[in-house]
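Here is a short tour of one protein model, written for someone who likes to know which side chains sit where. Take a look at the structure first, and then we can walk through it together.

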Amino acid sequence: MFNRDKNKNEIIIKKINEDNVVEVITKNIKTPNIFYIVLKTILSIVVISCICMCFIDYLITVNNKKPIFCLIEETNNKNDDHMYKCTGFIYKYYIYKNNKDVFKKFGGLWLDDKSIIKEANN
């Protein structure tokens, strides 16, 4: 059996031993700080929305369309090579075209242009 004392923010637990002795144990309850609750909620919403945006853009690029949530778009034309780069919140999307074929890559922010060109030419 336990009771909560509202004034002291503690729980009083009454327990009976094997010897029929009543033990009273008090435990302090930490009241949650409202700042941390709001901060956790905001961070959770931001992380979940970034993941949703990345997933939506991935599904769009699979259907050969340009991403919706693109922050920076760059286009580079060198000789017969054409590269389109879209940088989102947590991803990069590349389209590399040369005379032979088209190479598309969707990945994390750590992707770089040189690795895409090497991978497309192999």
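Is G107 buried or exposed? G107 counts as buried, because its relative accessibility is 17% and the cut-off for buried is under 20%. Please keep in mind that this is a predicted model.

**Around G107**

G107 belongs to strand β7. Apart from neighbours within four places in sequence, G107 is in contact with Y91 and K92. G107 and C54 are 53 residues apart in sequence, and their C-alpha atoms are 9.8 Å apart in space.

Helix α1 covers residues 34-62. The buried residues of α1 are C50, M53, C54, D57, I60 and T61. These buried residues pack against β6 (92-97) and β7 (102-107).

**A buried aspartate**

D57, in helix α1, is buried yet has no salt bridge. The nearest side chain of opposite charge belongs to K65, 11 Å away. A polar atom of the D57 side chain does lie 2.9 Å from the backbone nitrogen of I68.

**The nonpolar cores**

The largest nonpolar core has seven residues: C54, C70, Y84, C86, Y91, Y93 and I95. Strands β5 (81-87) and β6 each supply at least two residues of this core. A second, separate core has five residues, among them Y94, Y96, F103 and L111.

| Residue | In contact with |
|---|---|
| D57 | P67, I68, F69, C70, Y91 and F106 |
| Y93 | T61, P67, Y84, K85, C86, K104, K105 and F106 |
| G107 | Y91 and K92 |

Most residues other than glycine have a negative phi. N64 lies in the loop between α1 and β4 (72-78). N64 counts as exposed because its relative accessible area is 56%, and the cut-off for exposed is over 50%.

Notes
Residues are numbered from 1 along each chain as its sequence is written. This is a predicted model: local features need pLDDT of at least 70, side-chain atom pairs count only at pLDDT 80 or more; totals for chains, interfaces and linings use all residues. Side-chain values use heavy atoms; hydrogens and water are left out. Helices (H or I, at least four residues) and strands (E, at least two) are DSSP runs, numbered from the N terminus. The expected span of a helix is 1.5 Å times one less than its number of residues. Buried means under 20% relative accessible area, exposed over 50%, partly exposed in between (1.4 Å probe, protein chains only). Contact means heavy atoms within 4.5 Å. A nonpolar core is a set of buried Ala, Val, Leu, Ile, Met, Phe, Trp, Tyr and Cys residues joined through side-chain atoms within 4.5 Å. Lys and Arg count as positive and Asp and Glu as negative; His and the chain ends are not counted. A salt bridge is a side-chain nitrogen of Lys or Arg within 4 Å of a carboxyl oxygen of Asp or Glu. A polar contact is a pair of N or O atoms within 3.5 Å; within protein, one must be able to donate a hydrogen and the other to accept it, and residues adjacent in sequence count only if both atoms are side-chain atoms.
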